[in-house]
Amino acid sequence: MDIIFGIILPVFGTLGLGYAAARFGVFDEAANRGLSLFVFNFALPLMLFRAIAQAELPDAMPWGYLLSYYIGAFAVFGLAMVAGRMLFARRTDEQAVLGIGAGFSNTGMLGIPLVMTAYGPSAALPLFVMIACHSLLMLPPTTALIEAARGGTQSTAATLLNLAKGVLGTPIIWGLSCGLAFALTGVALPGPLDAVAKGLGSAATPCALFALGASLTRYSLGGNLREPAVLVALKTLVHPLLVWLLATQVFDVPALWVMTGVLLAALPAGITPYLFAQRYNICQSTVASALFLSTVLSVFTLSGLLFLLRP
């Protein structure tokens, strides 16, 4: 009951309220864009900055945590490509978009508020490690596969440079990095800075969930649902199972890091796969349907997982 009333209902109730507000026209696209900008540029970075600054750093980085997560992520990426080729006769560039649709989690809008609500500030460090690596590890191979399949002229170095610029320009990364600097030096946050970070950071979770719910009205189920169903199964079931097996049976990962990694792996697909589909004008209906369906079904899959992963 504590999990239901303390985590599930607040998280998915806020998400549902945002969806209803946008669906019935009382919260329009301009308002949602403004709220999303506030969340990504201010609220989430300050919340993570404060949490990391006050975190107790481990003596050694649990590398098994990263290996567990990303071996699992690239495994489902590969499985989605195989399914795209064998079951749906997709070209290589289309297979790559399906792969990122199966392996890329919605860590920002849903992952951060969910993990922080479920496990508190102590989970900020595992979150930081994952967020810092997520785009850097997942996006270059996807871009390279698509460009190679299409005979693109952009070099790998140019792709990596553009990605690095994008990551370094992300406020969440700056918030995490500044928080880590305070944690490493042991300097306490000045009172006024702590008050501002606490005040704005407290708005991050409800605002992010509300904005995500409102954003879901842009997507819908369409076309043949066989492909989206495969992506959703790989993303919300196979990925977390692989991470759990690797983190508990292969690597020696601390319990909190295991729970955080598995929960992040079980998240629905993020907006990034859809942006890839839009940019290259391929698999848009499939990825949009997978994004919508995985987010809706995550109400049940993540709820069950939270019961299994109680601290």
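**A helix pair and a pocket**

Let's start with helix α11 (residues 226–250) and helix α12 (residues 255–265), which pack at an angle of about 160°, their axes 7 Å apart. Keep in mind that this is a predicted model. Angles over 145 degrees count as roughly antiparallel, so α11 and α12 are roughly antiparallel to each other. As for handedness, α11 passes α12 in a right-handed crossing.

Who does the touching? On the α11 side, the contact is made by Lys235, His239, Pro240, Val243, Trp244, Ala247 and Thr248. Facing them from α12 are Val258, Gly261, Val262, Leu264 and Ala265. Sort the contact of α11 with α12 by class and you get 8 nonpolar, 3 polar and 1 charged residues. The charged class is where Lys235 of α11 belongs.

Now over to the second largest pocket, which holds about 230 Å³ of space. If you want to select its lining in your viewer, pick Leu46, Met47, Arg50, Ala51, Gln54, Met116, Pro121, Ala197, Lys198, Gly201, Ser202 and Thr205. Two or more lining residues come from each of α2 (29–53) and α9 (191–201). Of the elements involved, α2 gives the most to the lining, with 4 residues.

Note on methods
Residues are numbered from 1 along each chain as its sequence is written. This is a predicted model: local features need pLDDT of at least 70, side-chain atom pairs count only at pLDDT 80 or more; totals for chains, interfaces and linings use all residues. Side-chain values use heavy atoms; hydrogens and water are left out. On a 1 Å grid over the protein atoms alone, a cavity is a set of points where a 1.4 Å probe fits but cannot get out, and a pocket is an open set with protein on both sides within 12 Å along at least five of seven lines; lining residues have an atom within 4 Å of a point. Grid points are joined across faces, edges and corners, and a volume is the space filled by probe spheres set on the points. Axes are lines fitted to C-alpha atoms, for helices over the stretch in contact, and angles run from 0 to 180 degrees between N-to-C directions. Angles under 35 degrees count as roughly parallel, over 145 as roughly antiparallel, 65 to 115 as roughly perpendicular and the rest as oblique. A crossing is left-handed if the near helix is turned anticlockwise from the far one by less than a right angle, and right-handed if clockwise. Contact means heavy atoms within 4.5 Å.
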